[in-house]
Amino acid sequence: MGIIERIKEIEAEMARTQKNKATEYHLGQLKAKIAKLRTQLLEPPKGSSGGGMVLKLQNLATDVLRSLGFQGLPVGKSTLLTMLTGTHSEAASYEFTTLTCIPGIIHYNDTKIQLLDLPGIIEGASEGKGRGRQVIAVAKSSDIVLMVLDASKSEGHRQILTKELEAVGLRLNKRPPQIYFKKKKTGGISFNSTLTLTHVDEKLCYQILHEYKIHNAELLFREDATVDDLIDVIEGNRKYMKCVYVYNKIDVIGIDDVDKLARQPNSVVISCNLKLNFDRLLAKMWEEMGLVRVYTKPQGQQPDFGDPVVLSADRGGCSVGDFCNHIHRSLMKEVKYVLVWGTSARHYPQHCGLSHVLNDEDVVQIVKKKDKEGEGRGRFKSHSTAPARISDREKKAPLKQ
């Protein structure tokens with residue numbers, strides 16, 4: 001029996017099992033078994049050369065590149081990519097026009113944002129149907145997912161896509177659970193919690209850990225987590241990503257339905273046919289990505305507002321030290337202090353250290369340490385230019401009589 005057949009058999013058993021206090025331990029073990037099998041399903045077969053979707057990214061010199069993955073059923077993703085970036089992506093009246101990954105570049109707020117148009121995925125993509133694994137693997141490498149949906153169809157498409165993405169380890173618009181887990185060599189299982197747990201207990205955690213053949217570990221709950229959260233922590237390969245739900249084709253539904261969709265969290269309504277609400281979509285993308293633009297100012301000159309350094313809390317951080325590392329790795333050792341103008345400074349300019357957190361559109365001037373040879377004056381000089389030996393000194397000419 002293959003892995004997919006075993007997963008379907010366990011899911012059928014879970015569907016037959018009644019959910020009550022007596023069966024929660026059995027259901028927890030079944031969920032752990034499914035998570036293990038899905039992890040095995042994502043692993044490439046032995047002896048394979050990868051065979052993934054080939055993606056060539058442009059080299060954008062010193063500009064920071066942030067990528068967004070278009071994900072969804074066939075609903076007009078290629079048309080949206082063409083309108084936002086100007087990159088030609090084949091679009092037709094039939095579904096599955098896009099068969100490979102097509103990149104495009106958006107110039108927004110003095111930054112370059114890369115969009116990846118991915119082929120539409122179908123139900124069962126997590127099991128490999130329609131090259132679903134390769135498509136989802138590319139989406140994992142992006143900073144944010146734009147799930148393009150058809151506003152004229154039912155809400156079932158959104159549930160199907162979310163289910164397929166969660167099956168391969170993507171958690172949309174969620175934060176990592178506050179659970180501390182560490183394997184040990186000896187000592188057994190140490191179970192603790194800082195609050196009352198309502199979804200799991202000590203016995204259920206022991207059974208799940210034994211299912212993974214873990215008999216020595218430390219486990220600490222800092223929140224009222226569920227069984228699925230505990231399994232995600234034990235697996236350790238989950239990726240928590242931000243997702244924006246983009247509803248296209250709002251020109252074919254009523255105004256009441258448009259208002260209902262627009263009020264949902266993390267949702268934006270657009271129309272590629274009438275070119276409606278693109279500015280709101282770009283603003284929402286910028287807000288969710290949390291990019292910070294930092295402008296540089298050379299000493300004695302005006303700031304350079306044409307080419308900012310783009311930082312992100314998800315990639316590296318937004319402190320002064322992260323800013324120096326982004327320019328060059330050796331710059332942090334040469335920094336004496338930093339002058340900052342902007343909303344993060346209490347006064348203009350503010351002397352800051354490497355731990356200072358920068359805000360969007362701040363101006364930074366770096367003051368380097370001086371060379372040791374130039375330090376000190378007069379008899380306090382650390383380095384003298386005089387010869388080391390008396391015999392090497394230049395003799396003065398005798399005075400004229």
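**A first tour**

Modeller: Keep in mind that this is a predicted model. Let's begin with a sheet and a helix on it. Helix α6, residues 202-211, lies across β6, β7 and β8. Its direction is at about 140 degrees to β7.

Colleague: In what order do the three strands of that open sheet come?

Modeller: The order is β6-β8-β7, and the pairing is mixed. β6 (179-183) and β7 (189-193) are the edge strands, each pairing on one side only. From one strand to the next, the twist averages 5 degrees.

Colleague: How many bridges join β6 to β8?

Modeller: Five, and the two strands run antiparallel. Strand β8 covers residues 217-221. Take K183 as an example: its bridge partner in β8 is A217.

Colleague: And which strands does helix α7 lie across?

Modeller: β6 and β8. Helix α7 is residues 227-235, and it runs at about 40 degrees to β6.

Colleague: Back to α6. What about E211, where is that?

Modeller: E211 sits in helix α6. It is buried, yet it has no salt bridge.

Colleague: Which side chain of opposite charge is nearest to E211?

Modeller: K36, at 4.4 Å. E211 does touch K36, along with Q29, A32 and K33, leaving aside neighbours within four places in sequence.

Colleague: New topic. Which residues are buried in α10?

Modeller: V320, G321, F323 and C324 are buried in that helix, which spans residues 320-327. Seen down the axis of α10, the buried residues fall within an arc of 160 degrees, so they line one face of the helix.

Colleague: What covers them?

Modeller: The cover over the buried residues of α10 includes strands β11 (291-296), β12 (304-312), β13 (335-341) and β15 (362-368). Helix α11 (331-334) is part of that cover too.

Colleague: Last stop, I3. Where is its place?

Modeller: In helix α1, residues 3-16.

Colleague: Why does I3 count as partly exposed?

Modeller: Because its relative accessibility is 25%. Buried would need under 20%, and exposed over 50%.

Colleague: What does I3 touch?

Modeller: L37, Q40 and L41, not counting residues up to four places away in sequence. I3 and L41 are 38 residues apart in sequence. In space they are 6.8 Å apart, C-alpha to C-alpha.

Terms used: Residues are numbered from 1 along each chain as its sequence is written. This is a predicted model: local features need pLDDT of at least 70, side-chain atom pairs count only at pLDDT 80 or more; totals for chains, interfaces and linings use all residues. Side-chain values use heavy atoms; hydrogens and water are left out. Two strands pair if DSSP finds at least two bridges between them. Helices (H or I, at least four residues) and strands (E, at least two) are DSSP runs, numbered from the N terminus. Axes are lines fitted to C-alpha atoms, for helices over the stretch in contact, and angles run from 0 to 180 degrees between N-to-C directions. Contact means heavy atoms within 4.5 Å. Buried means under 20% relative accessible area, exposed over 50%, partly exposed in between (1.4 Å probe, protein chains only). The arc is that of the directions from the helix axis to the C-beta atoms. Lys and Arg count as positive and Asp and Glu as negative; His and the chain ends are not counted. A salt bridge is a side-chain nitrogen of Lys or Arg within 4 Å of a carboxyl oxygen of Asp or Glu.
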